[in-house]
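Here's a quick briefing to read alongside the model. Have the viewer open and follow along by topic.

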Amino acid sequence: MNVTGSKSFWPIHDDYLFFQEQSTEADEDLRSYMPHVHALATGSGPIRMLDFGSGSGRFTRQFLGLAGLPSDRLRLSLVEPDEEYRQQAIEQLQPFTVHPVQTWPALPPHSDARFDLVLANHVFYYVPDLDEVLASLLRALTPSGLFLAAMAGKRNTLIQFATYCFALINMPYPYHTAEDLEASLDMQGEVYRKQAMHYELAFPDAEENRLKVMRFLMADYFDEIPRQPMADLFSPYTQTGRIVIKTGHEQFVIQRQAMRAT
Ligand SMILES: C[S@@+](CC[C@H](N)C(=O)[O-])C[C@H]1O[C@@H](n2cnc3c(N)ncnc32)[C@H](O)[C@@H]1O
């Protein structure tokens, strides 16, 4: 059975923030995205960007800070189902553009050829109708558009932790993985570049901290899982009073090439 579910971030904002603050995942993603993004700034027209699954805007604030896109050229749109995140993202990201930031809880219809840049950073796990949404996002790219996505696969240590915990309650891992994104891109005949990313999650070793990471991973299911086996998953990663996990994920890059008139 392949059950793929949605995930509400509202109850786990603090736990996700803990993960963001204690891991180098965002730094690595930013470093790798930037060379692709800098090419966008070379023209003179509007740069229409969609941040799909923006969260609080924390990641995209760093992204735009590094990208240096001119604020009069940047037109920013966000898709984020969590209302509190949407409001936070507007506050974080409005300073990067002179145009009003546009937000939606889901991608609106009729978005074809609307965006020069689509960013989906660690979002597709939680999109149940992945094939359909991905196809809409790819159609939303302009003929010279850039698509950037990051997502972890089954070799990621945290996905393995979560898979183990779901098995304790007789459930398969309910979210998508990088393998699903790759299969969907292949099915849609897309040409993409895939790059392996490496990052570290490291934090002071305390049961509370171990469980914060697990609450982020398990969300609605957290209370159904016995605490001790969850906390014990981290024990092989202790290093002088800290937990240090080195793991990784994948980035997917699609650069559309507009046909030049001859
Ligand atoms: C792991 S967070 C990533 C947030 C941000 N992109 C970042 O890199 O920090 C996943 C985000 O996807 C959002 N999300 C969940 N389901 C979604 C859906 N069906 N469409 C768009 N976003 C979704 C969540 O609300 C959450 O903000």
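Let's start with the aromatics: Phe9, Tyr16, Phe19, Tyr85, Tyr125, Tyr126, Phe166, Tyr173, Tyr175, Tyr199, Phe216 and Tyr221 form one aromatic cluster. Keep in mind that this is a predicted model. Across the structure there are 24 aromatic pairs.

**Aromatic pairs**

- Take tyrosine 33 and phenylalanine 59: their ring centres are 6.2 Å apart and the planes meet at 85°, so this one is edge-to-face, given that anything over 60 degrees counts that way.
- Tyrosine 33 belongs to helix α2 (residues 25-38) and phenylalanine 59 to helix α3 (residues 58-67), so the pair ties together parts that are 26 residues apart in sequence.
- Both tyrosine 33 and phenylalanine 59 are buried.
- Phenylalanine 166 and tyrosine 221 have ring centres 5.1 Å apart with planes at 75°, so they are edge-to-face as well.
- That pair links distant parts of the chain, with phenylalanine 166 in helix α6 and tyrosine 221 in the loop between α8 and α9, 55 residues apart.
- How exposed are the two partners? Phenylalanine 166 counts as buried because its relative accessibility is 0%, under the 20% cut-off, whereas tyrosine 221 is partly exposed at 24%.

**A charge over a ring**

- Arginine 215 puts its charged end over the ring of phenylalanine 222, 4.7 Å from the ring centre.

**Helix α6**

- Helix α6 (residues 157-168) has 12 residues, so at 1.5 Å a residue it should span 16 Å; the end C-alpha atoms are 17 Å apart, which agrees.
- Just past α6, asparagine 170 has a positive phi of about 60°.
- The buried residues of α6 are Thr157, Leu158, Ile159, Phe161, Ala162, Cys165 and Phe166.
- What do those buried residues pack against? Their partners are α1 (13-22), β6 (193-204), α8 (207-218), α9 (227-232) and β8 (242-255).

**Glutamate 182**

- Glutamate 182 is in helix α7 (residues 178-187).
- Its relative accessibility is 22%, so glutamate 182 counts as partly exposed.
- Setting aside neighbours within four places in sequence, glutamate 182 is in contact with Tyr192, Lys194 and Phe252.
- Arginine 86 is 96 residues from glutamate 182 in sequence, and their C-alpha atoms are 28 Å apart in space.

Terms used: Residues numbered from 1 in each chain as written. Predicted model: local features only at pLDDT ≥ 70, side-chain atom pairs only at ≥ 80, totals over all residues. Heavy atoms only, no water. Helix = DSSP H or I, 4+ residues; strand = E, 2+ residues; numbered from the N terminus. Buried < 20%, exposed > 50% of the residue type's maximum accessible area, 1.4 Å probe, protein only. Contact = heavy atoms within 4.5 Å. Expected span 1.5 Å × (residues − 1). Phe/Tyr/Trp six-rings, centres within 6.5 Å; stacked < 30°, edge-to-face > 60°. Lys NZ or Arg CZ within 6 Å of the ring centre and 35° of its normal.
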